[in-house]
Amino acid sequence: MKSTRPPTPLRLWLALVIAAVAGPVLDSGFPDLGIWPLTFVGIAMVLVAVRGQSAARALLIGFVAGSSFFLIHVQWATLFLGPVPWVALSLLEGFFFALGCVAIALAYRMLPIGRHPLERLVALPIVVAGLWTAREAWASVWPYGGFAWGRVAQSQSESPLAPLFSWLGTSGVSFVMVLVVAMAVEAVYLRAARPTVRLIPVAVVLVAMLATPAFPVTVDGTLRVAAVQGNSKAGYFDERELGDNLQDHVDATLPILDENVDVIVWPEAASDLNPLTSRYAASVFDQIAEQAGVPLVGGAITDRSDGLFNTSFLWEPGVGPTDHYDKKHPVPFGEYVPDRAFFESLAPDLIGLIGREYSPGTTDGVFDLGGVIAGINICFDIFDDQLLTESVEQGAEIIFAQTNNADFGRTDESVQQLAVARIRALELGRSVVNISTVGTSAIIAPDGGAIDELEWHTADSMVAEVPLSSTSTAALQFGREIEWAVSGLGLLGLLIGAGAAWQASRPAPDRRMARTKKGQPRG
């Protein structure tokens, strides 16, 4: 017989306290602190707080948990435009977090769970983990391209679970993390079963997570890369003379011009002069490429007839610009203002500070470096699952991640971004050259290990033989399908629960049999 009786919830005041503490605990699992086991503790606190709650209470509990997490996790946003956008972003993401908690609470209340322990220990956690993953995936792409920061998997770039990224991708790792926690929670609550029965499912999943090696990646050669960090005053509101950023990167490049390299990589906004319109900037790009005798990959803002773009150039020695990549997804409220008229009516002074309106690019995301294909992405592109996958599908054997973290000072933003660059290396089976104007800069191997790295806020460069690969990892082949599949399982489970709840709410049919007198005709 199926039971639809919901689990006994915590008292609201206690659930709210746990939710408020869960946010900081969750954040502690991410860089800069990077105490990765605390992410699992934070997930458990959220699940315990919403378990058995009504939809209205789960919405409040989830909002408290999500807001307390994001207010700490993206505190670096205050350095760009101040506290109002930071609070607005955190509360919006907290609301999305809350919607996910409502779905999970409804699953706990409505799923028809029978007497067999596996239904509680396996089936229910699969639905819960699927719903958590679906919420992360949705918030990562909507609205305005989404905000992919704060997915629980992003806390595991240097944990023993890191090899899983090459098999499951980011969403898949989030799923198994929540799955094992949800299993552990049910093992604690399911007092009727023997301890061995309760622990076996969670132990099997946990051992599988820890024992899985990284997907085997074949190295197809190397590319000798020079990556330059100019330590520029490259923030949007930094005071500087026009051309200072370009000069900073020239100065940091000069000591390595005699190195035997195959390519020089500068970060996003390495030049604050557009080399397409500035003869001086073009001559500097020419000089660096020609003296080194190799292509220069560098970033600048380009104002062209079809719009304003955040651009990365491929600058060939003796030839000039032969290819470019325009950032496909400019950052809303940073690089452009969506629905500007509406938001300007709400906060005219604040929105007025954002004078730039970058257009989304339409170019492909790869450069041909004399037979070696490099995938190009700019700043927050590294968080976009689809863009990175597309660059590898277009033949990328190495990833150049050019970024400008100057707007965020010495906050956690740059190390959070570097953690995602490590995850991308594992997911894609590709080396990632993560080069910033100010740091944190590093060259990462396909196994996620650091080949070289630079000190924060110093002018310096990295020169290294960087592995190339054309391996197609399981995450690259099936990562998006895994995301859809586990999210679908969660949503399907919720629909099944809703159907069971509807059936249980219907009045019982009148089963009295009509009686007729013997011999009386029926009709």
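E186 and R120 form a salt bridge (a side-chain nitrogen of Lys or Arg within 4 Å of a carboxyl oxygen of Asp or Glu), with their closest N and O atoms 2.7 Å apart. The pair links distant parts of the chain: E186 sits in helix 7 (residues 165-189) and R120 in helix 6 (residues 117-139), 66 residues apart. Both residues are buried, meaning under 20% relative accessible area with a 1.4 Å probe, protein chains only; over 50% is exposed, and partly exposed lies in between.

This is a predicted model: local features need pLDDT of at least 70, side-chain atom pairs count only at pLDDT 80 or more, and totals for chains, interfaces and linings use all residues. Residues are numbered from 1 along each chain as its sequence is written, and side-chain values use heavy atoms, leaving out hydrogens and water.

**Other salt bridges**
- The count comes to 17 salt bridges.
- R151 pairs with D385 at 3.2 Å, N to O.
- R151 lies in the loop between helix 6 and helix 7 and D385 in helix 13 (residues 385-393), so the pair ties together parts 234 residues apart in sequence.
- R151 and D385 are buried.
- E357 meets R340 at 2.6 Å, N to O.
- E357 is partly exposed at 33% relative accessible area, and R340 is partly exposed at 22%.

**Overall build**
- The protein has 15 helices and 12 strands, taken as DSSP runs (helices H or I, at least four residues; strands E, at least two) numbered from the N terminus.
- Buried residues make up 56% of the 523 residues.
- The C-alpha atoms fill a box of roughly 110 × 55 × 50 Å along the principal axes.
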